[in-house]
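Please keep the structure in view while you read.

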Amino acid sequence: MSAAVAGSGAGASAGRTVIVVLDGLGIGAMPDAGALRPGDLEADTLGHLLDRYRAAHGRHLRLPALGDLGLGLLRPHPALASGTALPVAAGRARLGYDGADTYAGHQTMMGADFSRVAVARLAQHLAEVTAALEQAGHKVESLGGEPVLVVDGNMLVHDNLEADPGINWNVSARLEDQPFERILAVARTVRATAPVARVIAVGGRSGSPLPDFVRHGDGDTVGLDTPASGFYRNGGLRVQHLGAPVDHARQLPELAARAGADVTLVGKAADILACDSAVRRPAVRTEEVLAHTVSAARHAGEAGGTPALVVANVQETDLAGHQQDAARFGAVLEETDAGLGALLRELNRPGDRLIVTADHGNDPVIGHAFHTREFVPVLVHRPGTGDAGPVLLPDAASLADVGATAAQFLGICGDGTAGGSPLPV
């Protein structure tokens, strides 16, 4: 994806392109899913969720918009329509990066090459992280001999236990003890020495000191059990993702902005994607994420001929997966479906495109709280194409193909930054 543009602006036929990432909605294990945990070869986030919901509630999940978008063509199930009359293209994508991680997934989708980011436990880098923090003026101690650092008495630097071992590190503290800005400052110091994909600053509210919730995880990791701490349920959660170095100038949001498109980043996408000129609408609640997304699309439509890119992340699906809470996952997915229905009604002009996809799996019944390495759906609504029904796409080699496809919709042409190729839609 280069900044070259077909025609003037972002291309004469370009309209509004909206990408909605349903965080954690995998549709079946990739062939290498069992490399770390053999049981993950049975992962099927969507299928298991639909089965569990029917068994628990006596009815199927109501997902009419996802059915209209062709999800049932990829993962046949009685809860999903087996066909659709809408002009959609539907296929699966491999992840295109190692492991199963939100940050790596989004960066890959937007055009970054994450094939060389290191997998490392904090235990392997304690000395250099400690030195960097002490040089920055912090007091650093180990937590009871474990490979967890206590910074200034109440901040923890630790392995992230919610992703595959060694993918991410966290800097966590209670907001009762530290303002989020100080947590973030420590995370930035750690980021400067860390080889991993993400260092995540996390502030939340807990009724007990965080060391009470430190435990051993898979692959010799040690860290805070964030769901057990209460951070996800007690309100006030603050999170910022500090990623591995990426040439953001060559990623889709920045390229779209330079080509003349209005760019809006919504939900978690506003936290983890870079674009200096983008409008940012951070949010966690699904209702708010979808409202911001529909509003951004509508505003772009009212602007006339200016092309637009909106990238949104629905995060609460992923949080429910981490909590192994299929009931919550289902409720969030129904809420999301209603928002997707509103988007389908809004994006009805020739040149408008809606892409619904995911970044990895997070099977809520697999028996652990980690992401699962699964294929993800790629559902593309294409009004104005003249097609009477759906087109089935070949499997995409990488999420980078999703970004390359969006770039093509926006009239941005040229070489892909990470080998992504537009899908035949």
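The model is a predicted one.

**Helices α10 and α12**
- Helix α10 spans residues 286–302, and helix α12 spans residues 326–346.
- They pack at an angle of about 5 degrees, and their axes are 9 Å apart.
- Angles under 35 degrees count as roughly parallel, so α10 is roughly parallel to α12.
- On the α10 side, the contact is made by T286, E287, L290, T293, V294, A297 and R298.
- On the α12 side, V332, E335, T336, G339, L340, A342, L343 and E346 take part.
- By class, the residues of this contact of α10 with α12 are seven nonpolar, four polar and four charged.

**Helices α1 and α12**
- Helix α12 also packs with helix α1, which covers residues 45–57.
- The angle here is about 105 degrees, with the axes 9 Å apart.
- The range from 65 to 115 degrees counts as roughly perpendicular, so α1 is roughly perpendicular to α12.
- From α1, the residues in contact are T45, L46, L49, R52, Y53 and H57.
- They meet A326, A327, F329, G330, A331, L333 and E334 of α12.
- The contact of α1 with α12 divides into eight nonpolar, three polar and two charged residues.

**Helices α5 and α6**
- Helix α5 runs over residues 126–135, and helix α6 over residues 180–191.
- Their packing angle is about 130 degrees, and their axes lie 9 Å apart.
- The two helices are therefore oblique to each other.
- The crossing of α5 past α6 is right-handed.
- V129, A132 and L133 of α5 make the contact with V186, T189 and V190 of α6.
- Five residues of this contact of α5 with α6 are nonpolar, one is polar and none is charged.

**Aromatic rings**
- How many aromatic pairs does a search of the whole structure find? The search finds one.
- R92 lies over the face of F375, at 3.7 Å from the ring centre.
- R353 lies over the face of F409, and its distance from the ring centre is 5.3 Å.

Conventions:
Residues numbered from 1 in each chain as written. Predicted model: local features only at pLDDT ≥ 70, side-chain atom pairs only at ≥ 80, totals over all residues. Heavy atoms only, no water. Axes fitted to C-alpha atoms, helices over the stretch in contact; angles between N-to-C directions. Helix = DSSP H or I, 4+ residues; strand = E, 2+ residues; numbered from the N terminus. Parallel < 35°, antiparallel > 145°, perpendicular 65-115°, else oblique. Left-handed = near helix turned anticlockwise from the far one by under 90°. Contact = heavy atoms within 4.5 Å. Nonpolar A, V, L, I, M, F, W, Y, C, P; charged D, E, K, R; others polar. Phe/Tyr/Trp six-rings, centres within 6.5 Å; stacked < 30°, edge-to-face > 60°. Lys NZ or Arg CZ within 6 Å of the ring centre and 35° of its normal.
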